[in-house]
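I opened my notebook to look at this chain piece by piece. Here is what I looked up, in the order I did it.

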Amino acid sequence: MQNYVQPGSNVTMPAPALVASGAGVLIGTIFGIANGSAASGADVVLSVVGVFDLPKAVGAIGLGAAVYWDNAAKNVTVTTAGNTRIGSAVAAALSGDATARVRLPGF
């Protein structure tokens with residue numbers, strides 16, 4: 001197939017701001033985890049598929065719940081308004097937990 005480019009589980013894009021390795025990055029509707037640190041505008045490789053522990057907002061997240069990225073707070077939430085869907089919780093998280101385990105489906 002002549003038009004095949006790559007598997008797509010990782011994509012290289014210009015960083016929208018200073019990015020730390022392991023940080024969540026939202027560019028338009030594309031969400032991924034930075035594979036390394038990058039300056040604003042520099043290329044950064046993002047993992048867009050996989051399971052990651054991400055910082056979460058206060059509040060419980062149930063197993064299998066749809067999760068969203070709050071780009072202002074840079075954390076995972078179950079609040080849909082103003083946030084971008086990034087995947088599903090693959091483990092329950094209590095209200096006081098600092099992280100949520102999230103599966104990124106690459107959509």
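**Entry 1: words I need first.** I call a residue buried under 20% relative accessible area, exposed over 50% and partly exposed in between, using a 1.4 Å probe and protein chains only. Strands (E, at least two residues) and helices (H or I, at least four) are DSSP runs, numbered from the N terminus. The model is predicted, so I noted that local features need pLDDT of at least 70 and side-chain atom pairs count only at pLDDT 80 or more, while totals for chains, interfaces and linings use all residues. Residues are numbered from 1 along each chain as its sequence is written, and side-chain values use heavy atoms, with hydrogens and water left out.

**Entry 2: the whole chain.** From the N terminus on, the elements read β-β-β-β-β-β-β-β-β. The radius of gyration is 14 Å, close to the 13 Å that the globule rule gives for 107 residues, so the chain is as compact as a globular protein of that length. (The radius is taken over C-alpha atoms, and the rule is 2.2 Å times the number of residues to the power 0.38.) Along its principal axes, the C-alpha trace spans about 45 × 35 × 25 Å. Buried residues make up 31% of the 107 residues.

**Entry 3: strand 3 and its partners.** Is strand 3 largely enclosed or open? Four of its five residues are buried, so strand 3 is largely enclosed by the rest of the structure. Strand 2 and strand 3 pair antiparallel over four bridges, and Ile27 stands opposite Ile30 in strand 3. These two strands form a hairpin with two residues between them, and Gly28 in the turn has a positive phi of about 65°. With strand 4 (residues 43-47), strand 3 pairs in the antiparallel sense over two bridges. I found Ala34 with Leu46 as its bridge partner in strand 4, and Ile33 with Ser47.

Entry 4: I moved on to another open sheet, of five strands in the order 5-9-8-6-7, with antiparallel pairing. Strand 5 (49-55) and strand 7 are its edge strands, each pairing on one side only. Strand 6 and strand 8 run antiparallel and are joined by four bridges. Ala66 stands opposite Ser88 in strand 8.

**Entry 5: the nonpolar cores.** A nonpolar core is a set of buried Ala, Val, Leu, Ile, Met, Phe, Trp, Tyr and Cys residues joined through side-chain atoms within 4.5 Å. The largest one has 14 residues, and those with the most contacts inside it are Phe31, Leu54, Ile61, Val67, Val76, Ile86 and Val102. Strand 3 (30-34), strand 6, strand 8 (84-89) and strand 9 (99-105) each supply at least two of its residues. Strand 9 gives the most, with three. Apart from this core lies another, of nine residues, among them Ala15, Val19, Val44 and Val48.

I also checked Val102, taking contact as heavy atoms within 4.5 Å. Leaving aside neighbours within four places in sequence, Val102 touches residues including Gly50, Phe52, Leu54, Val67, Val76 and Ile86.

**Entry 6: Lys74 and Asn75.** Where does Lys74 sit? Lys74 is in the loop between strand 6 (66-70) and strand 7 (75-77). Lys74 has a positive phi of about 60° although it is not a glycine. Most residues other than glycine have a negative phi. With a relative accessible area of 42%, Lys74 is partly exposed.

Asn75 is in strand 7. At 13% relative accessibility, Asn75 counts as buried. Leaving aside neighbours within four places in sequence, Asn75 is in contact with Pro55, Lys56, Ala57, Tyr68, Trp69 and Asp70.

Methods:
Pairing = 2+ DSSP bridges.
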